Amino acid sequence: MRNPHVPFLSIAFCYYFWMHHSIYFTRVSGTIFKDQQRSLLKLKNRLKFEHERLRKLVSWNSSTDGCEWRGVTCDEEGHVIGLDLSGESIYGGFDNSSSLFSLQNLQTLNLVGNNFSSKVPSGFNKLKNLTYLNLSYAGFVGQIPIEISYLTRLVTLDISSVSFLFGQPLKLENFDLQTLVQNLTMIRQFYMDGVIVTAKANEWCNALLKLVSLQEQSMSNCNLSGPLVSSLTRLVNLSIISLDKNNLSSPVPETFANFPNLTTLHLCSCGLTGKFPEKISVNGLLRKLIVSHTRFSGALPASISNLTQLSMLVLSNCHFNRTLPSSMSRLGELTYMDLSNNDFTGPIPSLNMSKNLMHLDFSHNDFMGSITSLHLESLRELVVLDLHENLLNGSLPSSLFSLPLLQTIRLSDNIFQGQLEEFFNISFSKLETLDLSNNNLEGPLPPSFFSLTSLKVLQLSFNELNGTIKLDEIHRLANLRTLALSHNDLSIDTNYEGVGHVSSFPKMATVELASCNLIEFPSFLRNQSEIRTLDLSSNYIKGYIPTWIWQLDSLAQLNLSHNSLSNSEEPVKNTSSKLSLLDLHSNQLPGKLPIFAVHAIYLDYSSNNFSFTIPTDVATSLSSAIFLSLSDNSLAGSIPRSLCNNSSMLVLDVSYNLFNGAIPECLTQSETFVVLNLQHNKFHGSIPDKFPVSCTLRTLDLNSNLLHGTIPKSLANCRSLEVLDFGNNQVDDGFPYFLDTISTLRVVVLRGNKLRGQIQCTRSNSTWHVLQIIDLAFNNFNGLLPGNCLKTWRAMMLDEYYDGLKLNHIGYPVLTFLGINYQDSVTLTIKALQLEFVKVLNLITSVDFSSNNFHGTIPEELMNFTRLHSLNLSHNALESQIPSSIGNLKQLESLDLSCNNLDGEIPTQLASLNFLSYLNLSFNGLVGRIPEGNQLQTFDASSFVGNAELCGTPLTKIYSDGKLVLPMSRHGRPHGIGWNIMRAEMGFAFGLGFVIGPILFWKKWRQCYWQRVDSILCRIFPQLCHEYETRGGHSYQVLRWRY
């Protein structure tokens, strides 16, 4: 018989049991939480932080339930299992005694984005239940504690760091990576970017193989070395691999395609070599492929189109070339593509299937062809289009400006041409950046440009645009921050009709209106308090520099060069403390400088009418300057020694002035100067022999002064020297063979001194491999031309290493980020004219050994200078024949072998030099017929005179069948010799004697005689120098007094 009370008793018992245990657990839970709450409050009180930046700790107080605090997670029983203090700006460290380590139930801990600036405490081994530990970018430094390896339940470990940027890296060196991870068998996400790992070869690869559950692995910038090993594919669960900025120096193993779950691959800046793998993902699951800054070369394989799930493709800064595979059009899931800084050629393929594409960057390549509406019609999601620095041409389609989401267009540095068309749907445009500079665009700007109300950056400089732009039109671009219209044929109408609304004019940061036909300073600039860059150069602005321009608070860069400015409104006392670049060169500013911008790093006052003495305390006004040019003025006095106290100065150019006195020794003792240009002054005395072992000079130009003495031996310490110009002084020394240790020399000018002796090479295999210009003319060198030296001047030769295109501009990059360089110049005598070469020096090659006492034959080594443009060996005592191998000098434009003792016939190969435009073979002993062809007959007879047995066009003597035939006169009679005149000359000659007679009779003797007289006069009077001038279409060598 069943007892009817049993169910009721059972229910009552269960209720009692539940209530009893509930009360018990509630009581125990409350006690435990209070302990943990006190631990958390203790933790907060011991931490240092910036209160105004707190987002989580601000809610921690004893009056509220700790489980409700921000960043705190509790389980159902009240245990703290999660703590997130990320981004709380905590600074100062915590140690092993921290109450953090009493939270035994903690499963997740996130300290990312703080600045503890301490070592990682070893107390983490107390948190046995941790499955997620994120210590990334929290400012930890020093050795990673081995106690981290005891956290065997970890699924995610992130200890990434950027502490190496501040000299105190987080590192793993007391034990290896294998020791750290050997117990972390459950790890799935492992990140340690920026941790310096000490490992031999590829030991790190073997250590990771033990992490069989690993899904995400990131070890960028860890000092890892290669090669990559194919065994990594045994980690079949890997979906993310990031090894950026390591020194792997290996190709990508083909087996990498076998990762079955790979979705993201980062291999940037890690020295990858070889070809891009034909197979990069067999299963086609790859979504992000970021492999930039590598040494990959060759074509991009067509198999890349198999990555149909790819959303991000970054292959920038590699060495890819050839055309892009047309199959790339099948990458329909792409949202981001960057192939910039490669050598891709050919047309841009259609990407119409990539309808989700938002970012497209093909800049810095060699893509050709035009952009049509077919390229653009399906790219309705495009936000950024960057195609600058290519070879794209044609006109710009108006549909480009109709893409609804497009914010950035960069098409500068191409060859687009034609007029800009009007475009529509302006009200929907989101365009913020438009850069079309450095193209061939022409015509007026369409009015629709000034309806792009979202526009912030408008760059149209260096085109052929014309017409007039009114300031009222610019006023409509309310958000405009950058306006660049320089170097077009535009005119800016500075008459602003909205005078009452000047304050509402767009607040711009950059205004570039160079070469815009301005005749006055635009008035709207007066109120541009936020302007940082102002360029009004190459205009027609006359008169005074307004005072208000120096008082623009934010002004950092000011360029007023190439105008007709004649003064400043009043003496400048206060300027913007932010003014760092000031360029006033090529104006008419007189007297003293209107301003020495105290904080400026670049100052160019050259080519004005300044006339003053540099004050002795000038260094206090130039404490920050790295570039100072005062050249081409009328400055006098001496260079103050205080100028040497500026430890920032890199470039000092005071050329073409009236400075005198000795060169301060401290200038040559400087360990910072890169360019020192003192040419065309009146410095005298010897060149200080004080160049330090740490000399950094790249250019030393002392041309056209009154310097004497020897070439300083310490100059050999300047191992980076590229330009050395001591020309037109009174230096008395031998050839500076001790400079052969300077492998960087590209220009050596020693002409017009008292240098003597033979030219010898002490080390024939290490002499001036990149030398392009050498000028030793008008000295007293003798002996044979130095064939052994010539062998090593490889830059004069066309070969696989020096092809004329790989040589950089001769100069110094002063402010690379602004594109400002110091351009070296040199004056050369080419084609009997003195020519100054600036900026194109990297294309010029010249050898001038003229007006010395060299004898012997022309060395065969000289005929290997296949890049040579100008060769002058005139006024020496060279003998024998002109080498037939002179035909090798295919680039030669100027050749002067006059006034030597050369004999034999003119080699026929000379007629094949198609670029030769100046030739002088006069006054030698050449014989026979001038070779016929299209080249030599174009020269005047003066190129061949003084060779008694030379005949043929253009000379009047013609030989036929071995007999001299005189050309006929216009009266049909052969030209004869005027015997009456000849008798008078002979009688006069005999009357004066055998010494004076030949001088008057033979032009060669006469020229050689006067050349010797001139040389003697130059030695007696150092102020005299030889120069060339042109009158009536003829060139003459004259003596000039040098002041």
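I830 counts as buried because its relative accessibility is 7% (buried means under 20% relative accessible area, exposed over 50%, partly exposed in between, with a 1.4 Å probe and protein chains only). This is a predicted model, where local features need pLDDT of at least 70, side-chain atom pairs count only at pLDDT 80 or more, and totals for chains, interfaces and linings use all residues. Residues are numbered from 1 along each chain as its sequence is written, and side-chain values use heavy atoms, with hydrogens and water left out.

**Around I830**
- I830 sits in strand β58 (residues 825–830); strands are DSSP runs of E, at least two residues, and helices are runs of H or I, at least four, numbered from the N terminus.
- Leaving aside residues up to four places away in sequence, I830 touches L835, F837, S846, S870 and S894 (contact means heavy atoms within 4.5 Å).
- S846 is 16 residues from I830 along the chain, with 8.5 Å between their C-alpha atoms.

**Disulfides**
- There are three disulfides here, each a pair of cysteine sulfur atoms within 2.5 Å.
- C67 and C74 are joined, S to S 2.2 Å, and the link is left-handed because its S-S torsion is about -105 degrees.
- C67 is partly exposed at 28%, while C74 is buried at 19%.
- C644 bonds to C666, S to S 2.0 Å; the torsion is about 50 degrees, so this one is right-handed.
- C644 lies in the loop between β43 (636–637) and β44 (651–653), and C666 in helix α6 (residues 665–669), 22 residues apart.
- C695 and C718 have their sulfur atoms 2.2 Å apart, and both cysteines are buried.
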